[in-house]
Amino acid sequence: MPIGPNATAPNKTVILTIILISYVMIVLDISIVLTGLPRIHGELGFSDAGLAWVSTAYTLAFGGCLLLGARAGDIFGRRRMLLVGLTIFSLASLVIGVSQTPAVMIAARALQGVGSAILAPSTLALLQTSFEPGPERTRAVSYYAAAAGVSAAFGLVVGGLLADLLSWRVGFFINLPIGIAMMIAARRYVGETERTPGTFDIAGAILSTIGIVSLVYGVIRSASTGWSDLETQACVAFGIVMLILFAVVESHASQPIMPLSLFADRERSAAYGARALFLGANVGFYFFVAQFLQSVVGLSSSEAGIAFLPTTVVNFIVAMSAPRLIGRYRAGRVLVTSVVTGLIGMIWLSFAMQQASLTALVIPMMLIGAGQGGALGPLTASGIARVPSERAGAASGLVNVAHQLGSSLGLGVLVAVAAIGSQGLQGTELLARRASLAMEAGSVLVAMTLILAVMFMARPRARLENASTTA
């Protein structure tokens with residue numbers, strides 16, 4: 001059954017459902033791990049330093065293989081790579097669920113990251129090629145973005161409840177039946193996309209993977225060693241050099257893994273940068289607020305997860321309303337309004353965290369949820385705007401790279417900032433101070449997102465296209 005404008009509406013509904021559930025598996029899993037870490041630490045006998053690798057192994061494999069996974073979809077077909085990604089992700093989840101040693105857990109998490117790197121760009125590329133530009137694609141992209149935002153918050157709730165009531169393993173076991181169901185459904189309802197003739201850009205793949213892995217590892221390492229650590233500095237510097245070499249190689253490659261022409265459009269380029277900044281701030285929000293609620297306010301894992309429900313509910317409501325709002329007010333205005341709302345919430349939260357009170361956090365957390373719900377859809381749409389179908393995989397991979405790099409680098413920056421001026425403090429006072437400083441730094445990242453949105457994404461599209469043409 002081919003995908004394209006001739007597909008029937010019911011089939012498109014099924015296709016969208018498959019895409020969304022497949023993507024939700026990735027995002028939900030990342031959040032579930034966060035609240036399950038304390039139980040994983042004790043049950044498998046991880047050291048304090050080794051526990052970080054439960055997330056780090058996944059993040060490095062995911063970020064490092066994204067461009068490669070995206071290019072594979074262009075060459076071999078996006079439905080085929082969707083199935084491959086689902087298979088790897090589901091089997092790795094099963095291994096994680098039955099793991100009895102730290103080594104098996106970390107290896108399986110890395111494999112799961114590879115599966116996500118294949119699956120994530122395949123879902124977004126299929127969405128782009130399955131739905132016509134205009135209201136139809138706007139609605140689909142809004143739902144896709146909503147799935148990302150809501151799943152991230154909902155995963156904290158699910159992870160906390162599972163860890164307290166059942167087992168952290170359940171969060172991984174459920175991926176297997178869901179993954180099998182999605183594979184069966186994809187084979188039946190999703191048609192294969194046209195393949196782009198060509199070969200892999202081996203040099204580009206190696207340089208991008210090494211560069212991203214080194215850069216992300218250095219930033220993650222800085223959270224525990226600080227930026228004065230020589231190995232941290234070396235990893236970051238080496239990663240930057242590799243990525244510069246990668247850009248040089250791509251500029252001369254006949255079939256680049258990341259076509260530099262994707263950056264020729266100012267709206268798309270700004271969308272990649274804005275997404276990285278926005279995600280950096282909001283991942284920091286979840287990271288620090290989850291710790292604040294448990295260590296300062298004194299909530300349990302499940303209670304801390306439930307405390308995110310105001311954020312989740314508002315996020316969902318705004319995201320579901322986004323297609324109608326975009327149709328009425330244009331995507332640029334919705335984006336700017338959403339980012340402003342999130343910025344107000346982030347600034348408010350930085351002051352509210354100076355009190356060890358849950359009630360003081362509710363309204364700013366709701367504002368942040370509203371900002372996430374309204375901003376991610378337009379950011380995603382701008383990241384794939386005016387991309388030809390043969391470049392859909394590369395553009396989708398770049399959106400996901402901006403997402404992952406922004407999350408990792410942004411969190412590293414916020415962790416570093418949170419340590420400033422905390423000498424002499426200890427206990428809950430120290431934790432509250434760090435969380436408040438992190439939200440102040442997050443506010444700066446959101447403000448930078450706002451600048452990019454106003455300058456390059458809120459302007460009428462015709463003016464942007466004229467500017468790109470004359471640049």
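Me: How many helices and how many strands does the secondary structure of the protein chain come to?

Reply: The chain has 18 helices and 0 strands; helices (H or I, at least four residues) and strands (E, at least two) are DSSP runs numbered from the N terminus. This is a predicted model, in which local features need pLDDT of at least 70 and side-chain atom pairs count only at pLDDT 80 or more, while totals for chains, interfaces and linings use all residues. Residues are numbered from 1 along each chain as its sequence is written, and side-chain values use heavy atoms, with hydrogens and water left out.

Me: Why is cysteine 235 called buried?

Reply: Buried means under 20% relative accessible area, exposed over 50%, and partly exposed in between (1.4 Å probe, protein chains only). Cysteine 235 has 14% relative accessibility and therefore counts as buried. In the protein chain, buried residues make up 56% of the 471 residues.

Me: Why does cysteine 65 count as partly exposed?

Reply: Its relative accessibility is 22%, so cysteine 65 counts as partly exposed.

Me: What is the count of disulfides?

Reply: A disulfide is a pair of cysteine sulfur atoms within 2.5 Å. By this rule the count is 0.

Me: What makes a set of residues a nonpolar core, and which residues have the most contacts inside the largest one?

Reply: A nonpolar core is a set of buried Ala, Val, Leu, Ile, Met, Phe, Trp, Tyr and Cys residues joined through side-chain atoms within 4.5 Å. The largest has 54 residues, and Ile26 and Leu127 have the most contacts inside it. Helix H1 (residues 9–44) gives the most to this core, with 9 residues. A second, separate core of 49 residues includes Phe292, Leu299, Ala418 and Ala458.

Me: Which residues does isoleucine 26 touch?

Reply: Contact means heavy atoms within 4.5 Å. Leaving aside residues up to four places away in sequence, isoleucine 26 touches Tyr58, Phe62, Phe89, Ser116, Leu119 and Ala120.

Me: Why is leucine 309 called partly exposed, and where does it lie?

Reply: Leucine 309 has a relative accessible area of 32%, so it is partly exposed. This residue lies in helix H13.

Me: Which helix gives the most to the nonpolar patch?

Reply: That helix is H13, with 5 residues. Helix H6 (135–165) and helix H13 (309–329) each supply at least two residues of the patch.
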